[in-house]
Amino acid sequence: MANLEILVSELPRLIQNLKLTIGDSNQIMEQIILINNAQEQLRNIKKLIAQELKFDRTNNSAIATLPRLITGATLFIPSLGLVDPAIAEKFGNSETKISLADLQLKIDAWIEWDYFLQAIATDILSDIQLVNQLNSDIINLSISNEFQTLNNSLKIDLVLGKANILQHQIEKIRDYQKQLLQLQQKLNYIFDTIKNSRSLLNILLGVSAFYGKSGFALEWLDDDHELIISSEGKFQELTDILNHCDYFQEQIAALIIQGNTLTQQAEEALKKIEEESSREAISNQEVGILTKFSTPKIVRSALIIVSSLLILTFCSLKIREQSLSLTQETSANGNFKSAQKLGMEAASLVQKPPHPLKVWQQAETKWHQAIILLDKIPDKTSVYDRAKKKLAYYQINYKSISQRVLIEKKALANLESAHKLATEANLFVQNSPYSQLSRKQAHDKWQQAINLLEAIPESTSVSIQAKEMLSIYKTNYAATNQQS
């Protein structure tokens with residue numbers, strides 16, 4: 001028994017190391033060696049337990065017990081304190097003692113987890129393309145850190161009185177918005193890869209892209225056999241990562257709108273500066289004309305004649321062109337002003353979300369109408385350059401709002417589908433209250449309805465209603481579960 005107690009005292013250290021950190025291929029190879037060593041020690045403990053149980057049976061004694069060394073005072077992890085609830089099952093419950101037979105079962109589970117980790121590590125190292133992608137991911141920032149960096153970058157105080165600084169700030173904002181769009185695309189890839197892939201290796205690629213240089217480790221499987229992952233001391237399931245993807249998509253959409261608002265304010269300030277500069281130039285020109293009137297009469301008369309001839313010549317050459325361009329210029333200015341008005345109305349509509357689907361759709365329509373107007377402005381008109389710049393971030397804003405429309409539509413559809421499922425579940429129970437099959441069907445309907453409600457993001461207008469329904473549905477689900 002003494003040898004067994006010594007080996008069991010090493011269990012906390014062994015079990016804490018039963019994980020596989022995904023990243024650099026060299027580190028994975030080193031971990032395989034450690035996992036093999038841990039597995040060998042677990043097998044030794046299992047053999048000693050088997051011998052001890054055989055001895056006890058021979059002596060007709062009760063099942064021996066050992067102090068539970070993987071709970072209580074030794075259940076602490078230096079960087080975390082108490083073991084996170086997400087992986088509590090990996091270590092066991094909080095009983096003060098554990099029978100040798102129960103400990104034997106736990107060791108079987110740990111050895112099985114060891115085999116799983118070794119298989120995953122081997123599959124990774126045998127796929128060169130996968131290894132290269134993982135090595136590439138650990139160079140990049142995690143999604144969380146990349147978003148936080150862009151969020152901080154957009155906290156810009158506009159220097160409204162300086163044209164050159166304003167222009168530089170506008171360029172920086174547009175660059176940040178491009179990076180936000182790239183981050184959106186990356187999130188779409190991560191979400192689709194994790195949710196739709198059937199291969200665990202492909203799923204790990206999505207997780208790797210999410211965590212980046214923060215890294216992650218495979219920790220354990222929960223009661224539903226869903227993978228538990230750790231990164232920087234935090235434990236999450238794959239569904240948690242999907243929820244984070246939804247959250248960051250919503251925050252990015254809000255940041256893009258914020259960037260558009262800043263750009264619009266900066267461009268309006270630039271316009272005012274240009275108008276003031278133009279008025280000063282006209283004023284200086286008038287002073288120059290007054291000075292010319294002080295020249296001798298002969299020179300003044302000659303200048304007047306030459307100027308008249310030049311004006312007449314210019315007018316005769318350009319009269320047709322002016323008659324055509326005047327209409328274009330008037331139309332272009334009208335379209336530009338209308339587009340600006342629509343843009344301001346759209347931006348005003350979506351302030352302080354959440355909003356009902358109708359409001360998001362109204363804003364989406366206004367941005368689309370504004371884009372059409374700006375796109376019509378000819379390249380030779382005076383407002384073309386300004387229209388081109390405004391068109392670029394109106395398109396970004398339109399794309400962002402369109403995504404919010406999709407999120408709101410999906411949330412509303414989930415709510416309606418959940419309500420329909422709940423109605424069907426009630427009908428099953430009411431029509432056949434004593435039927436086992438009916439209760440099972442009702443049980444499944446409640447579960448589907450709960451899943452739909454839990455998938456509704458908090459940022460949507462139906463979130464509060466979904467939470468209220470969720471509480472009722474979970475109660476009904478528990479009731480059918482007990483009846484089953």
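α6 passes α9 in a left-handed crossing; left-handed means that the near helix is turned anticlockwise from the far one by less than a right angle, and right-handed means clockwise. This is a predicted model, in which local features need pLDDT of at least 70, side-chain atom pairs count only at pLDDT 80 or more, and totals for chains, interfaces and linings use all residues. Residues are numbered from 1 along each chain as its sequence is written, and side-chain values use heavy atoms, with hydrogens and water left out. The protein chain has 15 helices and 8 strands. Helices (H or I, at least four residues) and strands (E, at least two) are DSSP runs, numbered from the N terminus.

**Helix α6 against α9**

- The axes of α6 (residues 128-137) and α9 come within 9 Å and cross at roughly 15°.
- Axes are lines fitted to C-alpha atoms, for helices over the stretch in contact, and angles run from 0 to 180 degrees between N-to-C directions.
- α6 and α9 are therefore roughly parallel to each other.
- Angles under 35 degrees count as roughly parallel, over 145 as roughly antiparallel, 65 to 115 as roughly perpendicular, and the rest as oblique.
- From α6, L130, Q133, L134 and D137 meet L201, L205, S208 and A209 of α9; contact means heavy atoms within 4.5 Å.
- The contact of α6 with α9 divides into 5 nonpolar, 2 polar and 1 charged residues.
- Ala, Val, Leu, Ile, Met, Phe, Trp, Tyr, Cys and Pro count as nonpolar, Asp, Glu, Lys and Arg as charged, and the others, Gly among them, as polar.

**Helix α8 against α9**

- Helix α8 covers residues 163-196 and helix α9 covers residues 200-211.
- Their axes come within 8 Å and cross at roughly 150°.
- α8 and α9 are therefore roughly antiparallel to each other.
- The crossing of α8 and α9 is left-handed.
- On the α8 side, the contact is made by K186, Y189, I190, T193 and I194.
- On the α9 side, the contact is made by N202, I203, L205, G206, V207, A209 and F210.
- By class, the contact of α8 with α9 has 8 nonpolar, 3 polar and 1 charged residues.

**Helix α5 against α9**

- The axes of α5 and α9 come within 11 Å and cross at roughly 80°.
- That makes α5 roughly perpendicular to α9.
- F116, I120, D123 and I124 of α5 meet L200, L201 and L204 of α9.
- The contact of α5 with α9 has 6 nonpolar, no polar and 1 charged residues.

- A121 is found in helix α5 (residues 100-125).
- A121 is buried, with a relative accessible area of 0%.
- Buried means under 20% relative accessible area, exposed over 50%, and partly exposed in between (1.4 Å probe, protein chains only).
- Not counting residues up to four places away in sequence, A121 touches L20, I28 and I32.
- A121 and L20 are 101 residues apart along the chain, and their C-alpha atoms are separated by 7.7 Å.
- N135 lies in helix α6 and counts as partly exposed at 23% relative accessibility.
- N135 is in contact with G23, D24 and S25, leaving aside its neighbours within four places in sequence.
- N135 and S25 are 110 residues apart in sequence and 7.6 Å apart in space, C-alpha to C-alpha.
- F191 has its place in helix α8.
- Leaving aside its neighbours within four places in sequence, F191 is in contact with L242, C245 and D246.
- The C-alpha atoms of F191 and V207, 16 residues apart along the chain, are separated by 9.2 Å.

**Helix α12**

- Helix α12 (residues 357-375) has 19 residues and should span 27 Å at 1.5 Å a residue.
- The expected span is 1.5 Å times one less than the number of residues in the helix.
- The end C-alpha atoms of α12 are 27 Å apart, which agrees.
- The buried residues in α12 are L357, V359, W360, A363, E364, W367, A370, I371, L373 and L374.
- An α-helix has 3.6 residues a turn, so residues three or four places apart point the same way.

**A loop residue**

- E232 lies in the loop between β7 (227-231) and β8 (234-237).
- E232 has a positive phi of about 50° although it is not a glycine.
- E232 is exposed, with a relative accessible area of 62%.

**Whole chain**

- Buried residues make up 39% of the 484 residues in the protein chain.
- Among contacts with a separation of 6 or more, residues 24 or more positions apart account for 72%.
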